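Let's take a friendly walk through this structure, one feature at a time. Keep the 3D view open as you read.

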Amino acid sequence: MNTNTRANTIANTGANTSANTIAATDAIAKTAPIAAANAGVGAGAGAGAGTSAGAGAGAGAGMGAGTSAGAGTGVGAGAGAGAGAKQTPREVLESVLRGVAPERLPTTASASSVAIRKAGYTFEQFLRVDPRERARLEYDTALAYGGDYLAGGFWGTLAVEALGGRIKFREHGSPDVCAPLIENIADIDRIDITAIRRHPYYRIALDTTKLLFGLGDGKFNNQVGSWGIFTQAGLYYGAEKLLRGCLRDKSAIRALLDFTLEAFKYSQEEFVGLGATVGGSADPTASGDMISRGVFEEFALPYLQKTYDWFKSKGLSTTLHICGDINDRIDLIPDTHTDILSVDYKVDIARAARILDGRVAIGGNADPASVILAQTPEAITAAYQKIIDDLEGYPYIVMPGCGIPHLTPIENIVAINRLAHSTRPAPYTTAGAGAA
């Protein structure tokens, strides 16, 4: 049976077996170039390194597939264990957020979307894989290719379908909304948000996340989250109507955003309780390519703040990614209450780091298409090394500038993670730095 036939069978039955999983991912396991270095954390977490390195996309039904808010899989083993690092991936990030330079750089670079494609699944098919096999695939992919995060949660585009909207799956990446959930703001009162937890993808995601975080054994950064509230509101209502309403009917848009926030918390709360350590959101509609600084400050910013205050009330660290050009609103980012800002390649990251001055850690900036997808591992390493050199003394996290394309060669992702795990950052010299 070829890979595509097998994937179709799984999609139709909603089931999977260990034999099928290993067969579907054998080619990836054989090419996993850093799996042998993973014994340190891999053994402690209860998994043999790279035995069936396979498809991974955020364990939670989509987090991490085609986005960077959920992106990130991995283990501090990878190149890090080979370099003799003692801190676990979770300890590395915690050190950064205390304002103390860690033993090596943290990284969120994930092979998830690439591994799904190599295993022969479409994204929709992968959502239906048995939770036990899906969690194992996710974890083994992390061990094989590096990274410091395990990604769970329930992705917001799927929430549109769960509440009655219509979505269309792409072969890979996040689905598209075909028909908005909300035609008129008054429709909000008729929407039952409890339908989210009854949706099959939600139930599978919850079971998968529980198993995945268990495999991590407390050594990883367990991330949950989804689209930012402003972006998710555009999925529910239509982005054009959202942006027009910010100028013409502000009270209606605030009601929409309030509803969206409550649906977000309802969709994430059970996942948070499974041992999540990081809460994230990606808010591309809040970009300077989409809205002015004034609209951002009036509508997007307050709901980012409410999102991160909620995550922090649950004991989580927080991370934010906004696509595109946000150079004119970097100074507002600390007001979101995020701990980490992931920036696109359009942002002057050195300037952004100076403005943030350690109050918020910064990551990203490498172009996912022209650099991560298109360049050689050597060129990618050089591009990241320049960012690291330019940010000496500032808390930096190795991240892609946006979602890693699913056609990216695996060796390019490995190169990113190897650099992170072999680089000891200079002591922080920022205002936000803590005492060692």
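## A buried aspartate

D187 has a relative accessible area of 14%, so this residue counts as buried, the cut-off being under 20%. Keep in mind that the model you are viewing is predicted. You can find D187 in the loop between β3 (176-179) and α10 (200-216). The D187 side chain makes a polar contact with the side chain of R190, at 2.3 Å.

## Rings that meet

How many aromatic pairs does a search of the whole structure find? The search gives 12. One of them joins F169 and Y201 edge-to-face, with 6.1 Å from centre to centre and 85° between the planes. F169 sits in the loop between β2 (166-168) and β3, while Y201 belongs to helix α10, 32 residues apart. Both F169 and Y201 are buried.

F264 and W310 also form an edge-to-face pair, at 6.4 Å centre to centre and 75° between the planes. F264 is in helix α13 (residues 250-272) and W310 in helix α14 (residues 293-313), so this pair ties together parts 46 residues apart in sequence. F264 is buried at 6% relative accessibility, and W310 is buried at 12%. Ring pairs also link F264, Y308, W310 and F311 into a cluster.

## Two helices crossing

Now look at helix α11 (residues 229-237) and helix α12 (residues 239-248): their axes come within 7 Å and cross at roughly 115°. On the α11 side, the contact is made by F230, A233, G234 and Y237, and on the α12 side by A239, K241, L242, L243 and C246. These contact residues divide into seven nonpolar, one polar and one charged.

## Cysteines

Where does C246 stand, buried or exposed? C246 counts as buried, at 2% relative accessibility. C178 is partly exposed, with a relative accessible area of 41%. The count of disulfides, taken as cysteine sulfur atoms within 2.5 Å, comes to zero.

Definitions and conventions. Residues numbered from 1 in each chain as written. Predicted model: local features only at pLDDT ≥ 70, side-chain atom pairs only at ≥ 80, totals over all residues. Heavy atoms only, no water. Axes fitted to C-alpha atoms, helices over the stretch in contact; angles between N-to-C directions. Helix = DSSP H or I, 4+ residues; strand = E, 2+ residues; numbered from the N terminus. Contact = heavy atoms within 4.5 Å. Nonpolar A, V, L, I, M, F, W, Y, C, P; charged D, E, K, R; others polar. Buried < 20%, exposed > 50% of the residue type's maximum accessible area, 1.4 Å probe, protein only. Polar contact = N/O pair within 3.5 Å; in protein donor to acceptor, adjacent residues only side chain to side chain. Phe/Tyr/Trp six-rings, centres within 6.5 Å; stacked < 30°, edge-to-face > 60°.
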